[in-house]
Amino acid sequence: MLENAVGMQAEYENSLQYFTFIGRVIGKAIHDSQLMDVRFTRSFYKHMLGVPVSLADMAAFDPQIHKSLQMILEHQLEDLGLDLSFTTEQKRFDPFAADGKVEKTESVPLLEGGDDIEVTEDNKAEYVKLVCEHKLTMGIKHQIDAFMKGFRDVIPEYINIFTEQELELLISGLPEVDVNDLKANCEYQGYTAASPVVLNFWRCMEGMTQSELACFIMFVTGTAKVPLDGFASLEGMSGPQKFQIHRDHGSRERLPQAHTCFNRIDLPLYDSKAELNKYLTMAIQMEATGFDID
């Protein structure tokens, strides 16, 4: 058993070297202005730039955890029947485990003494923030550090002048967005293809430049990448998921909202094309400058 454990430990350490190697490859591609057909989550681009992660980034990592944390923020803990402390669960790799179970789930404190700190209405926002940081950063810290070691061997810190959206375009390039293909592979809820707001939406899309369309695709899917086979092959968190337009029954003064794990945009019932274009442009620009809309 000891020999097996030592072997698994060596395998784990070797895997970290692969992350370092991949970091160097990505860095070299950026340095030489070579585009790569790769896709990372938004949170990983943030890691590359040293930008803090947020709750919106959790949607692409684990939709169920994202939904649970969102409910904690939006509802009273008492109404949800939750009794929480500042802890979370994580999987731990232990090749020397006496019982032979090298991967275990354990409870870890989110801050010192977290087991004894109750989550209340006053501190639940901090709890959600710490859970996101742990799941998206601390839980994979060794892998991130290994990747960044290789990446920094090639790329200095001036890369931090870019946003995570710009970094993705720098690595993968500007996509060619075919609006007709997107339109042909769109599903509707609360609207139909003949609804006036939908017709105005497609008119707005047809008037966008390729750069603006790339920003829109990033806004609604979380990445600027277009599937090689077109939007019929668009993927969501649970497999194939076409682009969706849902009706937002809220105020017309609300911005369109994107749900990247479902490739979905929620559109209020705007009165005109000009009004729709105004709010859609505002939503995309806010996303590009760091305001999460999810």
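Trainee: Leaving aside its neighbours within four places in sequence, which residues is His134 in contact with?

Mentor: His134 is in contact with Thr88, Gln90, Val108, Leu110 and Gly139; contact means heavy atoms within 4.5 Å. This is a predicted model, in which local features need pLDDT of at least 70 and side-chain atom pairs count only at pLDDT 80 or more, while totals for chains, interfaces and linings use all residues. Residues are numbered from 1 along each chain as its sequence is written, and side-chain values use heavy atoms, with hydrogens and water left out.

Trainee: Why is His134 called buried?

Mentor: The relative accessible area of His134 is 11%. Buried means under 20%, exposed means over 50%, and partly exposed is in between (1.4 Å probe, protein chains only). At 11%, His134 therefore counts as buried. The residue sits in helix H6, residues 124-136; helices are DSSP runs of H or I with at least four residues, strands are runs of E with at least two, and both are numbered from the N terminus. The chain has 12 helices and 8 strands, and 41% of its 294 residues are buried.

Trainee: What makes Ile159 buried?

Mentor: Its relative accessible area is 1%, so Ile159 falls in the buried class. Ile159 lies in the loop between helix H7 (141-154) and helix H8 (164-172).

Trainee: What makes Lys124 and Glu121 a salt bridge?

Mentor: The rule asks for a side-chain nitrogen of Lys or Arg within 4 Å of a carboxyl oxygen of Asp or Glu. In Lys124 and Glu121, the closest N and O atoms are 2.8 Å apart, so the pair meets the rule. Lys124 is buried at 8%, whereas Glu121 is partly exposed at 32%. By this rule there are 10 salt bridges.

Trainee: How do you know that Arg252 and Glu275 meet in a salt bridge?

Mentor: Their side chains are 2.6 Å apart, N to O, so they pass the same test. Arg252 lies in the loop between E6 and E7 and Glu275 in helix H12 (residues 273-288), so the pair ties together parts that are 23 residues apart in sequence. Arg252 is partly exposed at 34%, and Glu275 is buried at 18%. With Asp271, these two residues are linked in a network of salt bridges.

Trainee: What makes E7 and E8 a pair?

Mentor: Two strands pair if DSSP finds at least two bridges between them. E7 and strand E8 (residues 264-268) have 3 bridges, in the antiparallel sense, so they qualify. Gln257 stands opposite Asp266 in E8, and the bridge partner of Ala258 is Ile265. E7 and E8 form a hairpin with 4 residues between them, and Asn263 in the turn has a positive phi of about 50°.

Trainee: What makes E8 largely enclosed?

Mentor: In E8, 4 of the 5 residues are buried, so the strand is largely enclosed by the rest of the structure.

Trainee: What makes Tyr18, Phe21, Ile22 and Val25 a nonpolar patch?

Mentor: Patch residues have over 30% relative accessible area and no salt bridge; like charges are joined within 9 Å, and nonpolar side chains (Val, Leu, Ile, Met, Phe, Trp, Tyr) within 5 Å. Val25, in helix H1 (residues 2-31), is partly exposed at 31%, so it passes the 30% limit. Together the four residues have about 410 Å² of accessible area, by the Shrake-Rupley method with a 1.4 Å probe, where for residues only the protein chains shown count as cover.
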